[in-house]
Amino acid sequence: MTTLWIFVNIRAISCRVKNFLTRDQSMLTTERKALIQQVLRRDGRLIAKTFSHELGVSEDTIRRDLRELASEGLLQRVHGGALPASPATADFAARQVSGVSAKARLGRVAARLIQPGQIVFIDGGTTNVQVARHLPLDLEATIVTHSPSIAVELANHPLVDVELIGGRILKHSVVAVGAASAEAISRIRVDMFFIGVTGLHPDTGATTGDSEEAAIKRLVAAQSAETIVLATADKLGAASPYKIVPLTDISTLVTENEISDDILKPFTSNSITIVKS
């Protein structure tokens, strides 16, 4: 009886110790993940090797944390570490009702950059819709777009010629992509390109969430004399999986007036003209 009692109690103690260690490890993992996100918000990047040394854990442990956070959409993994993930990857319907007033201010300011007689490509996206919406009714220009939403906005502009690029519709952004789109775009030269992005980071440049869309955007940028980005605060310092162009290929950034010079410094150092709304 005594031997059995000792055996049962040893098993019970062992289980309690195991459960305690599991709970403690779970807590430590949670704390690490919270700290990772804090560092990303503060520094705009995280180096896995440096961070693992600072915490006294293995680099593999940090990489596992990064993988798990990336799978939840909470960061963007890059070689050697991570960058903040862009929150601008929600579906089109959700983006249409998000940050409307800020997007309208950006669109109003950006529309003033278009001069009479120019050929301009307006990319898809809920922010760029505001550019089309705020064009003066007496503007004479040619607008090229692969976005049906942009084309509809321009239906009431009597002096604007609209060239709509066809192809397979990417529903997330409601734009045409694919071989037909690329072929049509390759025959066009434009004065300026209002490019839609989901992230703009000093390390990765302009990024988006779909590879085909990124390829179309790169092609238009190569055909344009100027590439202009409209970016609300949530897109600055954030990154998405697919690179479009580096910062050196961007001529102008139209952004919110409230954004500090410290946040904008990496972009101005790349000779980008900053226009605040």
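# Strand pairing and helix packing

User: In E9, which residue is the bridge partner of Phe121?

Analyst: This is a predicted model, where local features need pLDDT of at least 70 and side-chain atom pairs count only at pLDDT 80 or more, while totals for chains, interfaces and linings use all residues. Residues are numbered from 1 along each chain as its sequence is written, and side-chain values use heavy atoms, with hydrogens and water left out. Strand E4 (residues 119-122) pairs with E9 in the parallel sense over three bridges; strands (E, at least two residues) and helices (H or I, at least four) are DSSP runs numbered from the N terminus, and two strands pair if DSSP finds at least two bridges between them. In E9, the partner of Phe121 is Phe193.

User: How many bridges join E9 to E12?

Analyst: E9 and E12 run parallel. Within this pairing, Phe194 has Ile228 in E12 as its bridge partner. The number of bridges joining E9 to E12 is five.

User: Why is E9 largely enclosed by the rest of the structure?

Analyst: Strand E9 covers residues 190-195. Buried means under 20% relative accessible area, with over 50% exposed and values in between partly exposed (1.4 Å probe, protein chains only). E9 is largely enclosed because, of its six residues, the number buried is five.

User: Is Ser224 buried or exposed?

Analyst: Ser224 is found in strand E12 (residues 224-231). Leaving aside neighbours within four places in sequence, Ser224 is in contact (heavy atoms within 4.5 Å) with Val190, Asp191, Met192 and Phe193. A polar atom of the Ser224 side chain lies 2.5 Å from the backbone oxygen of Glu226. Because its relative accessibility is 13%, Ser224 counts as buried.

User: At what angle do helix H2 and helix H3 pack?

Analyst: H2 (residues 48-55) and H3 (residues 59-71) have their axes 8 Å apart. Axes are lines fitted to C-alpha atoms, for helices over the stretch in contact, and angles run from 0 to 180 degrees between N-to-C directions. Ala48, Lys49, Phe51, Ser52 and Leu55 in H2 meet Glu59, Ile62 and Leu66 in H3. The packing angle of H2 and H3 is about 115 degrees.

User: What order do the strands have in the open sheet of three strands?

Analyst: The edge strands, each pairing on one side only, are E1 (46-47) and E2 (75-78). E2 and E3 (residues 81-84) pair in the antiparallel sense over four bridges, and Val78 stands opposite Gly81 in E3. H3 lies across E1, E2 and E3, at about 130 degrees to E2. With antiparallel pairing, the order is E1-E3-E2.

Key
A polar contact is a pair of N or O atoms within 3.5 Å; within protein, one must be able to donate a hydrogen and the other to accept it, and residues adjacent in sequence count only if both atoms are side-chain atoms.
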